[in-house]
Amino acid sequence: MNKIAIIGPGAIGSLLAASLARKKKVEVWLLDKHPRRARKLLETGIRVESTGSAAAYTAKVNVSCDAKDIGPCGLIVCCVKSYDTAAAVKDIAPLIGDDTSVLSFQNGLGNWEILAEAAGSERVLAGSTAQAAMLRADGQVVHTGSGETIIGRPDGKMTVAMRSIRDIFGLSGWPLRLSKDITAVIWSKLILNVGINAVTALTRLPNGALPETEPAKEIIALAVAEAVQVAKKQRVKLLYDDPVQKVESLCRDTAENFSSMLQDILKRRRTEIEYINGAIVRLAKNHKTAVPANTVLSDLVRVIESSYIHQVK
Ligand code: PAF
């Protein structure tokens, strides 16, 4: 693999691009749909600070708003918000060569299916990362927590391409595990997002503050229990035995992080609620299962994201 394109210069996309570019094991490109921002990122590079002990650094990355500038890549990593996936991959044909893999590195359900439609199911990989990051500004990212990254193919096959992705990511400080059951991986991450994202967005608390208050813990326990029930109905086997404990330990491991949904609310943007708690509510309906905590959490986030202009400062 000699070239990787990352779509979307958000917190995770920027962190990944900088981590890979810094180690220079592969040519790294960032595809950014905003031409002005792309020009700026090309000029400044990406600055990475860490809330841990790692030293800050700046990595120069190739950036373009046009896939034709980049050409065929060994790997395309989609890091855009779930609601932007379809638009982001609409024009990626120039990035696709004979051996290209396309990896969804996104929160929530439904993303790899969109990539499969755009690029062909034989190329598609899905992944989940517990690396946590926040954008201070365009091109300035704070790495707020490290965690496991897992990728796999929806058909469960293990391929040479997957092994070479694992090697390159590993050399770039993203230890990566391969899985034959990516549905379990995606759901196991989904349940962590179900527990953390809406609650942090509504309370405006950093992840680490959630397990410090009993009411927050109770809401998390309810929302997570409902999502686990839906997972069982979907016949998904989770990767851990105690999901609530897993949510609380992820909150502590990423204590200073503002969840991606809280970052969206603070920037008055659309959130991924429909792909996280909202997805649980939709699936629960199919199974005629009541999920009141997820219903209320989804509705409250929807109220906020649809009424920014009315909010009292
Ligand atoms: O969406 C997020 O913010 C992240 O997936 C996670 C791991 C919950 C950390 O905040």
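How far does a polar side-chain atom of Asn-107 lie from an oxygen atom of the ligand? The distance is 2.8 Å. This is a polar contact, that is, a pair of N or O atoms within 3.5 Å; within protein, one must be able to donate a hydrogen and the other to accept it, and residues adjacent in sequence count only if both atoms are side-chain atoms.

The model is predicted: local features need pLDDT of at least 70, side-chain atom pairs count only at pLDDT 80 or more, and totals for chains, interfaces and linings use all residues. Residues are numbered from 1 along each chain as its sequence is written, and side-chain values use heavy atoms, with hydrogens and water left out.

For Ser-260 the distance is 2.6 Å. For Lys-189 it is 3.2 Å. Taken alone, the ligand exposes 280 Å², and the protein buries 94% of that (accessible areas come from the Shrake-Rupley method with a 1.4 Å probe; for residues, only the protein chains shown count as cover).

The ligand is surrounded by residues including Asn-193, Asn-197, Asn-207, Leu-250, Asn-257 and Ser-259 (a residue is near if one of its heavy atoms lies within 4 Å). The shell divides into 1 nonpolar, 7 polar and 1 charged residue. Here Ala, Val, Leu, Ile, Met, Phe, Trp, Tyr, Cys and Pro count as nonpolar, Asp, Glu, Lys and Arg as charged, and the others, Gly among them, as polar. Helix α7 gives the largest share of the shell, 3 residues. Helices (H or I, at least four residues) are DSSP runs, numbered from the N terminus.

Helix α7 (residues 182–203) also meets helix α9 (residues 243–253). Their axes come within 9 Å and cross at roughly 65° (axes are lines fitted to C-alpha atoms over the stretch in contact, and angles run from 0 to 180 degrees between N-to-C directions). The contact residues divide into 7 nonpolar, 1 polar and 1 charged.

A further partner of α7 is helix α11 (residues 277–286). These two pack at about 115°, with axes 9 Å apart.
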